[in-house]
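Work through the exercises below with the sequence and the model at hand, and try each task before reading its solution.

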Amino acid sequence: LTKHAEKDSKIVTVTAAMPSGTGVNIFQNKFPKSCPDCWPKLTQHWGGEMINKEQAKILVVDDIEANRFTLERRLKRDGYANVFLADCGKAALSSVESTEFDLVLLDLMMPDMSGLEVLKILKSDPHFRKIPVVMVTASDEVETAAECILSGADDFITKPFNATLLKARVGACLEKKRLQDSEDLYLSRVESDKQRSQEVLKTVL
């Protein structure tokens, strides 16, 4: 994670570059210079630790029990305490509706509903589209994995699992989610402040 801040007469621009398995993701936010406390706090936040591993909720979706438990074991070994399991696409969608996840590890080939189908449903729903999804594929499914990336998947990992790549890609996706959540929270506050200002103006005028 790198950070860079530039000041001009009106705004402050904060940029973060995050590496991922598919390249480098660039995140940028603009903040009013009139709020001097906003941007240094945000750059400090971006430069800190990744999303809290003990709080992050990860859903593992795979129809093969051995694969589910392998991923669960490795994630917990890396410090992720809240790992949920689903054995099919329908169960995954049901879990997403009842629990707010920070990341989904989604197997591509499943009998009842393919991972690609589940992915498209998630990314077409405004309530779930911002959840990072990492596709889990066999080594000979690269072309289909590319289709998943085009359909909104954030990354993919291949079986058999490489522990180092798994750790890196899970961490990068969770950091992307944290940055997105920070941006959404800031925009929500700006909109709320704007509405309050408009109400005050109405009472004055």
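**Exercise 1: an aromatic pair**

At 31% relative accessibility, Phe 84 counts as partly exposed, a class that lies between buried (under 20% relative accessible area) and exposed (over 50%), computed with a 1.4 Å probe on protein chains only. The model is predicted, so local features need pLDDT of at least 70 and side-chain atom pairs count only at pLDDT 80 or more, while totals for chains, interfaces and linings use all residues. Residues are numbered from 1 along each chain as its sequence is written, and side-chain values use heavy atoms, with hydrogens and water left out.

Task: classify the geometry of the rings of Phe 84 and Phe 101.

Solution. Rings of Phe, Tyr and Trp (its six-membered ring) pair if their centres lie within 6.5 Å, and planes under 30 degrees apart count as stacked, over 60 as edge-to-face and the rest as tilted. By this rule there is one aromatic pair. The centres of Phe 84 and Phe 101 are 5.2 Å apart with planes at 80 degrees, so the pair is edge-to-face. Phe 101 is buried, at a relative accessible area of 1%.

**Exercise 2: a salt bridge**

Solution. A salt bridge needs a side-chain nitrogen of Lys or Arg within 4 Å of a carboxyl oxygen of Asp or Glu. For Asp 102 and Lys 177, the closest N and O atoms are 3.5 Å apart.
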